[in-house]
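Please look through the sequence and the model before reading on.

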Amino acid sequence: MSIFSFRKEEIRVCIDVGSSTIKTVIFSLPHHKRQEIQGIRKTVTQLKPSYDAKRTISLLHEILFSVIKDIGRAPTHILIGLGASLMESSLQRWSLDIQGAHRPLSREQVRSHFRSLFDSHRDHERACLAHPLEVLINGYPIDTNILDRRYRGTVKEIAFTTILACFSPKIGSAIADLRTMFGGISIEFVPLAVCIKEGVVRAL
């Protein structure tokens with residue numbers, strides 16, 4: 001039996017894969033909003049100077065196995081922030097002219113436009129991931145929360161300020177193997193810069 005007894009709450013894991021350390025935080029989300037998030041464990045694993053990107057991903061495999069063993073079950077979600085040492089990344093602006101005035105504009109339509117732009121801008125020879133930092137309509141940034149109620153203005157252009165990250169074939173293959181190995185678990189990979197940006201904005 002697990003040494004932890006968190007059976008009713010959602011258990012989530014955040015992993016920061018940097019250039020010199022891998023930091024892991026395990027926490028539980030209570031059923032009731034009034035209750036506080038409860039930290040379960042935090043660990044810091046040092047990366048040896050001799051570790052290349054492939055060895056770092058291999059160590060990430062070991063950490064994930066250790067996490068699941070310690071909590072005694074699969075976590076609800078795992079968020080993995082990948083540092084610059086594992087990939088090539090760039091900040092880009094993607095835009096799409098909308099034919100005709102589309103109104104209203106739903107969140108799912110915005111997702112569909114982003115996927116289409118990702119497919120046209122990505123390097124098809126390598127594994128890539130992209131994350132939108134900002135959504136602009138007709139050149140102006142919007143609060144994406146309004147998409148839950150549908151955006152009702154006239155839309156001529158939609159654009160995204162985006163971080164695009166691409167991996168070498170070996171690293172891309174290692175990450176794909178990790179997904180396969182933990183296929184029953186929700187795992188999300190995000191550029192570490194996005195995690196830091198989100199953390200700073202929320203702190204402000």
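Q: Leaving aside its neighbours within four places in sequence, with which residues is Thr21 in contact?
A: In this predicted model, Thr21 lies in strand E2, and its side chain makes a polar contact of 3.0 Å with the side chain of Lys23. Once neighbours within four places in sequence are set aside, the residues in contact with Thr21 are Asp16, Val44, Thr45, Gln46 and Leu47.

Q: Does Thr21 count as buried or exposed?
A: Buried residues are those under 20% relative accessible area. The relative accessibility of Thr21 is 10%, and therefore Thr21 counts as buried.

Q: What span should helix H1 have at 1.5 Å a residue, and how far apart are its end C-alpha atoms?
A: Helix H1 runs over residues 53-71 and holds 19 residues, which at 1.5 Å a residue should span 27 Å. The distance between its end C-alpha atoms agrees with this, at 27 Å.

Q: Which element supplies the largest share of the largest nonpolar core?
A: This core has 31 residues, and those that touch the most other members are Ile15, Val17, Ile78, Ile80, Leu82, Ile187 and Phe189. At least two residues each come from E1, E2, H1, E4, H3 and strand E9. The largest share, seven residues, is supplied by H1.

Q: Which residue with a positive phi follows H1?
A: The buried residues of H1 include Val67 and Ile71, and what covers the buried residues of this helix includes strand E1 and helix H3. After H1 comes a residue whose phi is positive, near 80°, and that residue is Gly72.

Technical notes
Residues numbered from 1 in each chain as written. Predicted model: local features only at pLDDT ≥ 70, side-chain atom pairs only at ≥ 80, totals over all residues. Heavy atoms only, no water. Helix = DSSP H or I, 4+ residues; strand = E, 2+ residues; numbered from the N terminus. Expected span 1.5 Å × (residues − 1). Buried < 20%, exposed > 50% of the residue type's maximum accessible area, 1.4 Å probe, protein only. Contact = heavy atoms within 4.5 Å. Core = buried A, V, L, I, M, F, W, Y, C linked by side-chain atoms within 4.5 Å. Polar contact = N/O pair within 3.5 Å; in protein donor to acceptor, adjacent residues only side chain to side chain.
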